[in-house]
Amino acid sequence: MLRPTYNHTTETPATFFLVGIPGLQSPHLWLVISLSAMYTIALLGNGLIVIVIWMDSTLQEPMYCFLCVLAAVDMAMASSVVPVMVSIFSSGGSSISFNGCFTQMYFVHAATAIETGLLLVMAFDRYVAICKPLHYNRILTPQVMLGMSVTIIVRAIVFMTPLSWMVSHLPFCGSNIVLHSYCEHMAVAKLACADPVPSSLYSLIGSFIIVSSDVAFIAASYTLILRAVFGLSSKNAQLKALSTCCSHVGVMALYYLPGMASIYVAWLGQDTVPLYIQVLLADLYLVIPPALNPIIYGLRTKQIRERIWSLLMHSLTHLL
């Protein structure tokens with residue numbers, strides 16, 4: 001097994017050593033197989049969604065465009081952490097360069113901020129489609145969609161840049177062993193010789209503001225949606241309207257519940273919740289949603305399901 005190194009000078013460490021899940025440092029085949037399977041599903045499922053939406057002119061509505069972006073972000077986020085995790089659980093540990101560690105940290109946390117923004121605009125899309133269907137194309141124009149997308153990205157950059165700067169400029173003069181499966185900022189900040197509380201507070205407050213504001217607007221959207229749906233006279237119309245929202249609600253639950261549990265357990269339950277559970281929650285939060293999102297949308301959205309099936313049959317015919 002790779003032996004971790006230590007740095008006892010005030011110089012910046014050249015590398016960090018990721019141990020994976022504390023207490024499970026030895027190679028674990030079941031974790032390698034599980035992560036590899038979920039990563040494969042995430043790449044294939046999200047890749048199919050991106051290809052189908054990109055190629056099919058009938059799927060150019062705002063809802064599908066935002067779903068395409070969400071699938072691309074899922075693939076990129078999973079690719080930034082899962083290969084490292086597989087390396088850790090197959091060999092018992094993995095080293096990562098100082099710059100590589102903070103690049104991964106920046107990308108992972110920025111991607112999560114982008115995803116919560118995408119869930120918000122997708123909720124707004126459902127609100128307009130159900131509550132103001134006659135004005136849908138006038139409200140959600142390509143310019144409005146581009147503006148919302150740029151705003152989401154800028155918000156993530158504005159949030160992550162100060163956090164990454166604060167953590168990367170902390171003095172690291174002790175151990176360079178990160179008790180985590182990836183460069184999660186609190187796990188890295190704990191290695192600093194200076195007080196990591198300012199950066200941890202910034203992260204907690206920033207994530208609370210972003211998530212709580214997004215959840216509040218999403219809740220408001222769905223309150224108006226439900227009011228409009230139950231105001232319909234036809235039961236079939238009610239069921240059809242509700243079915244268009246089920247996939248989005250499922251993805252939101254899959255994203256927010258483990259995400260919020262991971263954040264607040266790491267901050268508030270660090271003395272009561274075992275460290276391996278904290279790390280496992282954080283790992284599952286980054287791996288499971290990208291793997292299940294395409295399954296949820298593929299099974300629940302008729303248009304995507306039909307296009308994917310048609311694409312697969314077309315490809316199989318050409319192979320045979």
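Colleague: At what angle do α3 and helix α7 pack, and how far apart are their axes?

Modeller: In this predicted model, α3 and helix α7 (residues 197–229) pack at about 15 degrees, and their axes lie 9 Å apart.

Colleague: What makes α3 roughly parallel to α7?

Modeller: The angle is about 15 degrees, and angles under 35 degrees count as roughly parallel, so α3 is roughly parallel to α7. The crossing of the two helices is left-handed.

Colleague: Which residues meet there?

Modeller: From α3 they include Leu119, Leu120, Phe124, Tyr127 and Ile130. Among their counterparts in α7 are Ile210, Phe217, Ile218, Tyr222 and Ile225. By class, the contact of α3 with α7 has 15 nonpolar, three polar and two charged residues.

Colleague: Now α5, please. Why are α3 and α5 called roughly antiparallel?

Modeller: The axes of α3 and helix α5 (residues 142–168) cross at roughly 150 degrees and come within 8 Å. Angles over 145 degrees count as roughly antiparallel, and α3 and α5 are therefore given that name. α3 passes α5 in a right-handed crossing. The residues of this contact divide into 17 nonpolar, six polar and one charged.

Colleague: And what makes α1 roughly perpendicular to α10?

Modeller: Helix α1 (residues 29–55) and helix α10 (residues 302–319) pack at an angle of about 95 degrees, with their axes 10 Å apart. The range for roughly perpendicular is 65 to 115 degrees, so α1 is roughly perpendicular to α10. Leu48, Ile49, Ile51 and Val52 of α1 make the contact with Ile304, Arg307, Ile308, Leu311 and Leu312 of α10. Eight of the residues in the contact of α1 with α10 are nonpolar, none is polar and one is charged.

Colleague: Let's look at single residues. How do you know that alanine 111 is buried?

Modeller: Alanine 111, which lies in helix α3, has 4% relative accessibility. Buried means under 20%, so alanine 111 counts as buried. Leaving aside neighbours within four places in sequence, alanine 111 is in contact with Val73 and Met77. Methionine 77 is 34 residues away from alanine 111 along the chain, yet their C-alpha atoms are separated by 6.5 Å.

Colleague: Why is glycine 100 called partly exposed?

Modeller: Glycine 100, also placed in helix α3, has a relative accessible area of 24%. Glycine 100 and valine 249 are 149 residues apart in sequence, with their C-alpha atoms 35 Å apart in space.

Colleague: Which residues touch the most other members of the largest nonpolar core?

Modeller: They are Phe16, Phe172 and Val188, in a core of 88 residues. Helix α3 (residues 98–131) gives the largest share of this core, 18 residues.

Colleague: Which residues is valine 188 in contact with, leaving aside its neighbours within four places in sequence?

Modeller: Valine 188 is in contact with Phe16, Cys101, Phe102, Met105, Val167, Phe172, Val178 and Cys183.

Notes. Residues are numbered from 1 along each chain as its sequence is written. This is a predicted model: local features need pLDDT of at least 70, side-chain atom pairs count only at pLDDT 80 or more; totals for chains, interfaces and linings use all residues. Side-chain values use heavy atoms; hydrogens and water are left out. A nonpolar core is a set of buried Ala, Val, Leu, Ile, Met, Phe, Trp, Tyr and Cys residues joined through side-chain atoms within 4.5 Å. Buried means under 20% relative accessible area, exposed over 50%, partly exposed in between (1.4 Å probe, protein chains only). Helices (H or I, at least four residues) and strands (E, at least two) are DSSP runs, numbered from the N terminus. Contact means heavy atoms within 4.5 Å. Axes are lines fitted to C-alpha atoms, for helices over the stretch in contact, and angles run from 0 to 180 degrees between N-to-C directions. A crossing is left-handed if the near helix is turned anticlockwise from the far one by less than a right angle, and right-handed if clockwise. Ala, Val, Leu, Ile, Met, Phe, Trp, Tyr, Cys and Pro count as nonpolar, Asp, Glu, Lys and Arg as charged, and the others, Gly among them, as polar.
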